Amino acid sequence: MRSFFAINKRNISLYFRDYSAVFFSLLSMIIIIVLMVFFLGDINNGELLDAIKLVPGRGTDSDVKTIEQFSFLWTCAGILTINASTVTHAFFSNMIKDRTGNRLNSLLVMPVKRPVFVLGYISGAWISGVIMSIITFAFTEAIGVVKGMEVLPFEVHVKLLLLIMLNNFVYSAVMFLLASIIKSQSAWSGIGIILGTLSGFLGGIYFPIGSMSSTMQHVVKLFPFIYGTSLFRKVMMAPLENTFFDGMPEVVRTEVDRTMGMDIFINNNQLSEPGKVGILIAVGVVFIIISTIFLTISKKKDR
């Protein structure tokens, strides 16, 4: 356990001492917020308002304000997913630096079992990711309150914290395996660029999954982004939806949830919330197992 905590402390300290890494961890969040304010919000607001106006007596100024809040929370939920991936990616930049600086070899020859080494790195990324995600959520919720929204209920905060912990576990495991394979800083930076570009699409943040082609919908369901985003949206937006859809036919809420990605369907069967959680846990566990096997069978000269 002493080795586990030593690896943990070292890596967390290295990450938070690198202010540029911390900043770039949050850069995607900043970009998405800017896009939401100037572009995405208006697109989603207009589509939702057009749909609501089909219901007799709806589409009033009150509905317009609620729809703006709806779009804001919808986007913020996606930010939490993307934030987990970008923070853990930035965290493992130090592992790449250790490899290129030949420090990783020294760590790997320590009398530490490979599972302990793997979990030491992953748990450090997980802790850092959870901290940064909580800061991100607090920041976005503060913006919402300034815009006139009410603070989310306590039970929603608890559920979101659990989802933040789960989401960061998944991407900590995924990024560790990638960092174990990648050999250079330039290649790792390239992955960061690809991640920042594609994660918004794969998580259904820039465009709702319902507006994608059937082929693209199948593609995004192959990645964990959409499941984490769906869980965040379902929890974060439940209080607002309960009020907004009150008095409307249930089919309206069902269709909106399906189109906007709160509900995910596999072969026309709705995936349950425990099912989404199970998928994310399975992804994290599988990547931890693969990482442990990879480091165990890798020769020292290949590390």
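Which residues make a nonpolar surface patch of about 450 Å²? The patch is built by Ile281, Val285, Ile289, Ile293 and Ile297. Patch members have over 30% relative accessible area and no salt bridge; like charges are joined within 9 Å, and nonpolar side chains (Val, Leu, Ile, Met, Phe, Trp, Tyr) within 5 Å. Areas come from the Shrake-Rupley method with a 1.4 Å probe, and for residues only the protein chains shown count as cover. Take isoleucine 293 from this patch. Isoleucine 293 sits in helix α12, residues 273–297. Its relative accessible area is 47%, so it is partly exposed. Buried means under 20% relative accessible area, exposed means over 50%, and partly exposed lies in between (1.4 Å probe, protein chains only).

This is a predicted model, in which local features need pLDDT of at least 70, side-chain atom pairs count only at pLDDT 80 or more, and totals for chains, interfaces and linings use all residues. Residues are numbered from 1 along each chain as its sequence is written, and side-chain values use heavy atoms, with hydrogens and water left out.

Now step back to the whole chain. The protein has twelve helices and two strands. Helices (H or I, at least four residues) and strands (E, at least two) are DSSP runs, numbered from the N terminus. From that end, the order is α-α-α-α-α-α-α-α-α-α-α-β-β-α. Of the 303 residues, 50% are buried. The accessible surface comes to about 14,300 Å², and carbon and sulfur atoms account for 68% of that surface. Contact means heavy atoms within 4.5 Å. Among contacts with a separation of 6 or more, 78% join residues 24 or more positions apart.

Go inside next. The largest nonpolar core holds 79 residues. Such a core is a set of buried Ala, Val, Leu, Ile, Met, Phe, Trp, Tyr and Cys residues joined through side-chain atoms within 4.5 Å. Tyr15, Phe70, Phe92, Leu160, Phe176, Met236 and Phe245 touch the most other members. Helix α3 (residues 61–91) gives this core its largest share, 13 residues. Look at phenylalanine 92. Leaving out residues up to four places away in sequence, phenylalanine 92 touches Tyr121, Ile122, Ala125, Ser172, Met175, Phe176, Ala179 and Trp188.

Is serine 199 buried or exposed? Serine 199 is buried, because its relative accessibility is 1%. It belongs to helix α8, residues 185–202. A polar atom of the serine 199 side chain lies 2.7 Å from the backbone oxygen of leucine 195. Beyond neighbours within four places in sequence, serine 199 contacts Ile82, Ile194 and Phe225.

Charged residues follow. Side chains of opposite charge can pair when their charged atoms come close. The structure holds five salt bridges. A salt bridge is a side-chain nitrogen of Lys or Arg within 4 Å of a carboxyl oxygen of Asp or Glu. One network of salt bridges links Lys234, Glu241, Arg253, Asp257 and Asp263.

Start with aspartate 263 and lysine 234, whose side chains meet at 2.7 Å, N to O. Aspartate 263 is in the loop between α11 (250–260) and β1, while lysine 234 is in helix α10, so the pair ties together parts 29 residues apart in sequence. Aspartate 263 is buried at 6% relative accessible area. Lysine 234 is partly exposed at 24%.

Arginine 253 and glutamate 241 also form a salt bridge, at 3.5 Å, N to O. This pair links helix α11 to helix α10 across twelve residues. Both arginine 253 and glutamate 241 are buried. Helix α10 spans residues 225–244. Glutamate 241 touches Phe70, Asp246, Arg253, Asp257 and Met262, not counting residues up to four places away in sequence. Aspartate 257 bridges to arginine 253 too, with the closest N and O atoms 3.9 Å apart. These two are four residues apart in helix α11, so about one helical turn separates them.

End at the loop between β1 (265–266) and β2 (269–270), the place of asparagine 267. Asparagine 268 lies in this loop as well. Most residues other than glycine have a negative phi. Asparagine 267 has a positive phi near 55 degrees, and asparagine 268 has a positive phi of about 65 degrees. Asparagine 267 is exposed at 64% relative accessibility, and asparagine 268 is exposed at 65%.

Notes:
A polar contact is a pair of N or O atoms within 3.5 Å; within protein, one must be able to donate a hydrogen and the other to accept it, and residues adjacent in sequence count only if both atoms are side-chain atoms.
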